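I'm opening my notebook on this structure and jotting down what I look up, entry by entry.

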Amino acid sequence: MRKSQGWQVLVRGALVVAACLVLGAVTPVHAQATALQNSDCVKCHEAQPQQIEAKGMKHKTAVGCMDCHVGHPPKVSDIVPKCSMCHVGNPHFELPNCGQCHSNAHTPLELNLSGDLKAECITCHAPIGQQLTANPSAHNDVACNFCHADTHGMIPECVLCHKPHSQEMTQKDCASCHQAHKPLLVTYDDKMPSIHCAACHGTAYTQLTANQSKHQSLACVYCHQDKHKMVPLCSDCHGTPHAAGIHQRFPSCGECHNIAHDLNNWPAQAQPKGK
Ligand code: HEC
Ligand code: HEC
Ligand code: HEC
Ligand code: HEC
Ligand code: HEC
Ligand code: HEC
Ligand code: HEC
Ligand code: HEC
Ligand code: HEC
Ligand code: HEC
Ligand code: HEC
Ligand code: HEC
């Protein structure tokens with residue numbers, strides 16, 4: 001392995017020497033001295049080398065001035081490169097006006113994200129575009145940067161634009177029910193405190209907390225699981241506990257037990273007073 005590499009270097013070295021000899025033979029000495037180098041640009045152009053130095057990012061490290069600017073006036077007149085000279089092959093690079101956001105090629109990640117942007121963002125964030133259209137809501141009717149304003153990657157708090165449903169609720173609770181890109185699909189886990197449901201369901205909350213049955217100590221989401229507006233059947237948890245004849249005659253549990261939040265006829269209550 002080592003040996004063959006050494007051999008290659010030797011051969012390359014020989015080729016370079018040969019090339020120099022040939023060039024030296026045919027190229028006049030003064031033309032060699034005036035060939036433009038990357039290091040020459042700064043002699044006449046101050047701003048661009050400074051910008052590249054400070055914020056050139058990969059345009060500083062992965063390319064040099066002359067990879068982009070091929071030739072120089074007056075010999076070559078149009079030396080401003082098109083981005084597509086190097087960036088092709090994905091939806092982002094099909095956008096019509098790169099300079100709209102990348103306003104200076106020498107500081108390529110200094111972005112100007114003004115105007116309503118959505119199709120442009122989706123060139124890279126396709127799944128989020130799909131999520132928004134699959135779950136129609138008012139959030140689908142505004143631009144991405146209506147929320148993600150000014151700088152790329154900025155994430156706003158919901159409470160910047162909305163009031164919480166109650167005083168008990170703060171920004172950190174929103175995500176336990178909502179996702180920004182499908183805000184009307186309300187889901188939650190089994191740790192959701194009932195007080196957050198009470199923000200909109202005062203009656204259910206008051207009834208349940210006043211009820212003396214064993215339902216009282218159950219959380220709303222113990223019964224209404226996972227997804228908002230899910231309503232369980234009594235028999236999901238209790239089956240049909242009484243004699244078949246009773247269930248046949250009174251098909252609705254509620255005829256004797258009233259409602260789940262305000263149960264009648266639970267065993268403790270059915271017992272004679274004082275016992
Ligand atoms: C000796 C001074 C000098 C050097 C060295 C020099 N330039 Fe220039 N450059 C100029 C002048 C003068 C102009 C304006 C020419 C014109 O507009 O006709 C110019 C114009 C340009 C332009 C604008 C062209 C356009 O079409 O608007 C670019 C780009 C450029 N230079 C890049 C470079 C790069 C890259 C280097 C180094 C490889 C370099 N220059 C080295 C003097 C220089
Ligand atoms: C990645 C490609 C790229 C590199 C690298 C690059 N430039 Fe440019 N340069 C451009 C583009 C594109 C423009 C046209 C204006 C713009 O988009 O900012 C430009 C414009 C210029 C101009 C003309 C500015 C004007 O106002 O007309 C000069 C001068 C220039 N570049 C010099 C340089 C020098 C010097 C370097 C190296 C230190 C350099 N550029 C590196 C792409 C590049
Ligand atoms: C001569 C080739 C060349 C040209 C022309 C060029 N780029 Fe690049 N650019 C590169 C290379 C190489 C990289 C680094 C590898 C990559 O990310 O693809 C790069 C990286 C970038 C980056 C990411 C920078 C980073 O540090 O992550 C942006 C943004 C960018 N280019 C925008 C542009 C825009 C806008 C234009 C047109 C104004 C342009 N480029 C023109 C070669 C070029
Ligand atoms: C609507 C604004 C916008 C437009 C228009 C735009 N870009 Fe971008 N571009 C961005 C954003 C935002 C990023 C992500 C920057 C980051 O990761 O910090 C980016 C990143 C890049 C990158 C680096 C990441 C990568 O995928 O390699 C390159 C290269 C790039 N753009 C090139 C282009 C080119 C070429 C065009 C024109 C065909 C263009 N951009 C048009 C906003 C834009
Ligand atoms: C060139 C591709 C590209 C474009 C265009 C682009 N992004 Fe991004 N974006 C990325 C990458 C890469 C990341 C970082 C990786 C990730 O978290 O997905 C990112 C991350 C983000 C983040 C999350 C930051 C975090 O902390 O998790 C937000 C928000 C974002 N982009 C919004 C936007 C918006 C809004 C637009 C349109 C103005 C946009 N992006 C355009 C590539 C892009
Ligand atoms: C930059 C402002 C902004 C931010 C941030 C924001 N929203 Fe909205 N939201 C709106 C606007 C505008 C509407 C439509 C008008 C309205 O209902 O106020 C809306 C509507 C909604 C709707 C009703 C949707 C419909 O179609 O009726 C819900 C639910 C919602 N937002 C939840 C949230 C949640 C949760 C967050 C945080 C993850 C959030 N919003 C972040 C601006 C915002
Ligand atoms: C109504 C405000 C709003 C709109 C409109 C919006 N977002 Fe978001 N986005 C948020 C919030 C808030 C978060 C934080 C996560 C959450 O609460 O679900 C977020 C998270 C993100 C993230 C990082 C987390 C993730 O899900 O990957 C990206 C990337 C993102 N948004 C891109 C976009 C893009 C692209 C668009 C437009 C197609 C867009 N957003 C539209 C408010 C919004
Ligand atoms: C316990 C779950 C839950 C929590 C926590 C929650 N929401 Fe909601 N939110 C809902 C439900 C349920 C709706 C009504 C959906 C419907 O009408 O079908 C709703 C509706 C909304 C709406 C639409 C307008 C309205 O008031 O009906 C906005 C805006 C909203 N929520 C914002 C927020 C914000 C901001 C937070 C965090 C401070 C938050 N939500 C926390 C469950 C919750
Ligand atoms: C932002 C207000 C809001 C919050 C918070 C909220 N809901 Fe609702 N809920 C509503 C609205 C509005 C309806 C529809 C009422 C109607 O159709 O009469 C509803 C309906 C319901 C229904 C009845 C569905 C039906 O078919 O009759 C159940 C069950 C329900 N919510 C449970 C909950 C639970 C459990 C929580 C807490 C995890 C909760 N809700 C939090 C606003 C809210
Ligand atoms: C033991 C299970 C259980 C618990 C705990 C429970 N529910 Fe219910 N809920 C039900 C059942 C079952 C129904 C259907 C009506 C009936 O048969 O009682 C219902 C109906 C509802 C309805 C629609 C009808 C109405 O009364 O408006 C809402 C809203 C509701 N529940 C909200 C809540 C909230 C909020 C809590 C917590 C404070 C809660 N539930 C706790 C089982 C429960
Ligand atoms: C998600 C499950 C669930 C649903 C749905 C449910 N319950 Fe219960 N129920 C319970 C649990 C848990 C207990 C307490 C059992 C224990 O501790 O022994 C209970 C207890 C009871 C008791 C005895 C109360 C006591 O204090 O001894 C009655 C009666 C009852 N349920 C009736 C109903 C009726 C009627 C419905 C429908 C309107 C219903 N339940 C819906 C879970 C549920
Ligand atoms: C005809 C009236 C009646 C109907 C209909 C009825 N129950 Fe009951 N149930 C009672 C009475 C009375 C008690 C309390 C005495 C007892 O323990 O038997 C009771 C007790 C219960 C208990 C508590 C049992 C225990 O041992 O802790 C549960 C659970 C229950 N019922 C569930 C249901 C369900 C579910 C339905 C509907 C499928 C239903 N009941 C229908 C009258 C009824």
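Predicted model: local features only at pLDDT ≥ 70, side-chain atom pairs only at ≥ 80, totals over all residues.

**Entry: the iron of ligand 11**

The protein donors are the NE2 atoms of H215 and H238, and they lie 2.0 to 2.1 Å from the iron.

Next I wanted the geometry. I noted the ideal for comparison: six octahedral donors would give 90 or 180 degrees.

Then I asked myself where H215 and H238 lie in the chain. H215 is in the loop between α12 (202-210) and α13 (220-223), while H238 belongs to helix α14 (residues 234-238), so the pair ties together parts that are 23 residues apart in sequence.

I also checked accessibility. H215 comes out at 18%, and because the cut-off for buried is under 20%, H215 counts as buried. H238 is at 51% relative accessibility, so H238 counts as exposed.

**Entry: the iron of ligand 3**

I moved on to the iron atom of ligand 3. Its protein donors are H59 and H87, each through NE2, lying 2.0 Å from the iron. The six donor atoms around the iron of ligand 3 subtend angles of 85 to 179 degrees, so this arrangement is octahedral.

The two histidines link distant parts of the chain: H59 sits in helix α5 (residues 58-61), and H87 in the loop between α6 (65-68) and α7 (119-122), 28 residues apart.

**Entry: what surrounds ligand 1**

How many residues surround ligand 1? I got 13, and the closest are C41, C44, H45, H69 and H72. The elements that give two or more residues to this shell are α3 (41-44) and α6.

I looked at two polar contacts here. An N or O atom in the side chain of H45 is 2.8 Å from a nitrogen atom of ligand 1. A polar side-chain atom of H72 lies 2.7 Å from a nitrogen atom of ligand 1.

I sorted the shell by class as well: seven residues are nonpolar, five are polar and one is charged.

**Entry: salt bridges**

A reminder to myself: side chains of opposite charge can pair when their charged atoms come close. Searching the whole structure turns up five salt bridges. I wrote up some of them.

E53 pairs with K60, with the closest N and O atoms 3.4 Å apart. E53 is exposed at 52% relative accessibility, and K60 is partly exposed at 38%.

K55 forms a salt bridge with E110, and here the closest N and O atoms are 2.8 Å apart. This pair links distant parts of the chain, with K55 in helix α4 (residues 47-55) and E110 in the loop between α6 and α7, 55 residues apart. K55 is partly exposed at 41% relative accessibility, and E110 is partly exposed at 39%.

D173 pairs with K172, the closest N and O atoms being 3.8 Å apart.

Terms used:
Residues numbered from 1 in each chain as written. Chains lettered and ligands numbered in written order. Heavy atoms only, no water. Donors = N, O, S within 2.8 Å, 3.2 Å for Na, K, Ca; no water. Helix = DSSP H or I, 4+ residues; strand = E, 2+ residues; numbered from the N terminus. Buried < 20%, exposed > 50% of the residue type's maximum accessible area, 1.4 Å probe, protein only. Tetrahedral: all angles 85-135°; square planar, octahedral: opposite > 155°, others 65-115°. Near = heavy atom within 4 Å. Polar contact = N/O pair within 3.5 Å; in protein donor to acceptor, adjacent residues only side chain to side chain. Nonpolar A, V, L, I, M, F, W, Y, C, P; charged D, E, K, R; others polar. Salt bridge = Lys/Arg side-chain N within 4 Å of Asp/Glu carboxyl O.
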